[in-house]
There are 2 protein chains.
Amino acid sequence: MRIADRIKRLGTETAFVVSAEAAAFAVKGNKVYPFHLGDMNIITPGNIIEAATRAMKDGKTGYCPNAGIPGLRETLAADVSASHGVAYTMENIAIQPGGKPTIGKFFLALMNPGDEVLYPNPGYPIYESQIEFHGGTALPYGYNEGPENFLLDMEAIERQITPRTKLLVLNDLQNPTSAECTMAELERLAELVRDHDLYVLCDEAYFDIRYSGKSVSFASLPGMAERCVLLYTFSKKFAVTGWRLGAAIGPKEIIDVIAKLNVNDESCSNHFIQHALIEGLTGDQSEPRKILETLKKRRDTAVDILNSIEGVRSFRPEATFYLFPNVTGAMKNKGINDYDQFRRAILEKSGVSVCTRLHFGRALEGETNYYIRLAYSGIDTTEIEEGLHKLKVFLES
Amino acid sequence: MRIADRIKRLGTETAFVVSAEAAAFAVKGNKVYPFHLGDMNIITPGNIIEAATRAMKDGKTGYCPNAGIPGLRETLAADVSASHGVAYTMENIAIQPGGKPTIGKFFLALMNPGDEVLYPNPGYPIYESQIEFHGGTALPYGYNEGPENFLLDMEAIERQITPRTKLLVLNDLQNPTSAECTMAELERLAELVRDHDLYVLCDEAYFDIRYSGKSVSFASLPGMAERCVLLYTFSKKFAVTGWRLGAAIGPKEIIDVIAKLNVNDESCSNHFIQHALIEGLTGDQSEPRKILETLKKRRDTAVDILNSIEGVRSFRPEATFYLFPNVTGAMKNKGINDYDQFRRAILEKSGVSVCTRLHFGRALEGETNYYIRLAYSGIDTTEIEEGLHKLKVFLES
């Protein structure tokens, strides 16, 4: 077999290994508490399912425009313009089969081989994979614990910018840390972007998953809308992760290129689902609100128990459905200094299945604290209680 | 704006321009007969729509495995093994969001920059676009009129093979010509593939759209299954073009790479649609059979009228839903020797909207005949009659 050389540079999501191990553990008759994957165990709102069924029966089953149906592009433009304070029109939107396709298409559209790209680490592992796969140089920046949440390691960003740095990936309301930029951080980033003529992928997958306050888009800062491509997804807000619908939103000239990539890669996104998500955006919002209430209860339950465990420390983030507790003390108490060993011990002794920091990138130089990531999107409150109490028993024994 | 250099090498489907012109002509109050796009005006079978609805309500709305749900991969493996006479298992299958994604992923997985790739021209324009976009050298081969259908220009293939030739694209049951390889052609191709150590993308989008006889897959020839990746699509057989579901089928080692590309590009294909197409493959086949009957009637109506027009000559192909009549005489009669001028004259004078040979690649050296392409998948028999009679009147006036 003669596989192309570029495949050597292709990364993956190692979290799928955790899923496989959890499944294997469950098959042996063990109870598993699934905190490892960012999927949702919440059913899609009924009005969206009904709208999809109606659209299928209405014959919305043929091809549709490469960039999406005008109705959805217009509706989404209005919705995002309102939430972001930026004037987008349908020309700024190319619908995608999920949030993820925007990542690869952003790099294909804007990155030349050899370009340097700043990206978050710990972070969603597909950034680094796609940067390196398409010939870029991936420069990681990290996060540090602040008083109430993680803070961007601004110094790491500033230090690494060179004339070869062309792009920045910003995942505000971040996976896995749930970090949220302060206005001061956003303003300093905007200054850097302007000064160094950067373009930005704003991964806003969790923009609408928040429990108090209001999300602020980096694209809303002066001069940034023309430098940002937003990764938008319907997945979390409407519990449609497996439906696969999202969008790339940004300057028309870039969106036109991304739509041309659509022509080449998948023709178009599913036709009737686009109609269903017009209903999602414009119909009754009580079910999406209920989803947020459910998630908030889960967050509080999880944070309270985690913070009661000796050697574990978790923030209570206002957005996303992830917790990234510091477990340095707990690992020390158990005499474990290897991430995978710790993860497997937790699974075997308590049934709690988690990802570790290493599922979100290689550890950075000088990193001395240990973290695990818990997603509470796919597990009910009672199970969170039961599982994390077992975890507490194990870690404190 | 700073668009990446590689975008200069990205092609597109120029047929969308024809759609836009037809739509603009219709908006002015003119009747349009849409023969230009390979979409279907046939509604998806009811049992598939019901299965999709059921799966949504059953909560098949979350993520699913990157390569597809095991149930669909197993069902499809059994189905394709039976129709192809090749023993595929689910490990040979990576589900895709449509047929098209297999094209780009095949080249990403197997083509290094500078590799030469033989591809059909006239042919689906995305082959050339993806070859050149990812740094390959695209070498076109054409088709010649035989006694009953188009024949592969085998001489062009043989003449162009060099030690740098690594891949071959074969679209048997071809778009736009509807050419179908003879066994002798398939055997000679297999010899060339073996002798020159080639790998093959078999675009089998129209494998199941045939009116008599039986489709033969190139992968069924001795030694070919391990060198072929099949582009499979549910789109045409089940009238689900806009649902976006297909598959890459081939040797496990290549499929594993393609599944890793799935992780990076779109995570997975829609979850509940995969359940719906298990029903498509295993449920009642009377509606898919009816689709073929409908298409056959359309074919015969279109071929009969086309062949009654002075200066027009069409084969009656046993597969696909395309006709590629030779219109050299008709163009001469009208004093037109420019493709776009001819196409626009037809539209304006008869309302018949078609693609020309140039929507399927640049004309090859020495090409002296003129061809247009008519798709009869999106237009009813009565409209075919009405439209092509108007075309006859115009071309013979």
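In what order do the seven strands of the open sheet in chain A run? The order is 2-10-9-8-7-3-4, and the pairing is mixed. Helices (H or I, at least four residues) and strands (E, at least two) are DSSP runs, numbered from the N terminus, and two strands pair if DSSP finds at least two bridges between them. A word on the ground rules: this is a predicted model, in which local features need pLDDT of at least 70 and side-chain atom pairs count only at pLDDT 80 or more, while totals for chains, interfaces and linings use all residues. Residues are numbered from 1 along each chain as its sequence is written, chains are lettered from A and ligands numbered from 1 in the order in which they are written, and side-chain values use heavy atoms, with hydrogens and water left out.

Back to the sheet of chain A. Strand 2 (93–96) and strand 4 (137–141) of chain A sit at its edges with a single partner strand each, so one side of each has no neighbour in the sheet. From one strand to the next, the twist averages 20°; for angles, axes are lines fitted to C-alpha atoms, for helices over the stretch in contact, and values run from 0 to 180 degrees between N-to-C directions. Strands of a sheet pair through backbone hydrogen bonds, either parallel or antiparallel. Strand 2 of chain A runs antiparallel to strand 10 (residues 246–249) of chain A, with four bridges joining the two, and A:Ile93 stands opposite A:Ile249 of strand 10. Helix 5 (residues 126–133) of chain A lies across strand 3 (116–120), strand 4, strand 7 (165–170) and strand 8 (199–203) of chain A, at about 170° to strand 3.

Chain B also has an open sheet of seven strands, with the order 2-10-9-8-7-3-4 and mixed pairing. Its edge strands are strand 2 (93–96) and strand 4 (137–141) of chain B, each pairing on one side only, and the twist averages 20° from one strand to the next. Strand 8 (residues 199–203) and strand 9 (residues 228–233) of chain B run parallel and are joined by four bridges; B:Leu201 has B:Val229 as its bridge partner in strand 9. Helix 4 of chain B packs on this sheet, touching strands that include strand 2, strand 8 and strand 10 (246–249) of chain B, and its direction makes about 175° with that of strand 8.

A few backbone details turn up in the loops. The peptide bond from A:Asn175 to A:Pro176 is cis, with omega near 15°, and A:Pro176 is in the loop between strand 7 and helix 7 (183–195) of chain A. That loop also holds A:Leu173, where phi is near 60°, a positive value in a residue other than glycine. In chain B, a cis peptide bond with omega about 5° joins B:Asn121 and B:Pro122, and B:Pro122 lies in the loop between strand 3 and helix 5 of chain B.

Now for the interface. In contact (heavy atoms within 4.5 Å) are 69 residues of chain B and 69 residues of chain A. The two chains bury about 5800 Å² between them, 55% of it on carbon and sulfur atoms; buried area is the accessible area (1.4 Å probe) that two parts lose on being put together, summed over both. On the chain B side, B:Met1, B:Arg2 and B:Tyr63 lose the most area to chain A, together 14% of what that side buries.

There are 44 residue pairs in polar contact between the chains, both residues being at pLDDT 80 or more. A polar contact is a pair of N or O atoms within 3.5 Å; within protein, one must be able to donate a hydrogen and the other to accept it, and residues adjacent in sequence count only if both atoms are side-chain atoms. Helix 8 (252–265) of chain B is among the helices that each supply at least two residues to the side touching chain A, and helix 8 gives the most, with eight residues.

Side chains of opposite charge can pair when their charged atoms come close. Two salt bridges (a side-chain nitrogen of Lys or Arg within 4 Å of a carboxyl oxygen of Asp or Glu) are counted between chain B and chain A. A:Arg2 forms a salt bridge with B:Asp197, the closest N and O atoms being 3.4 Å apart.
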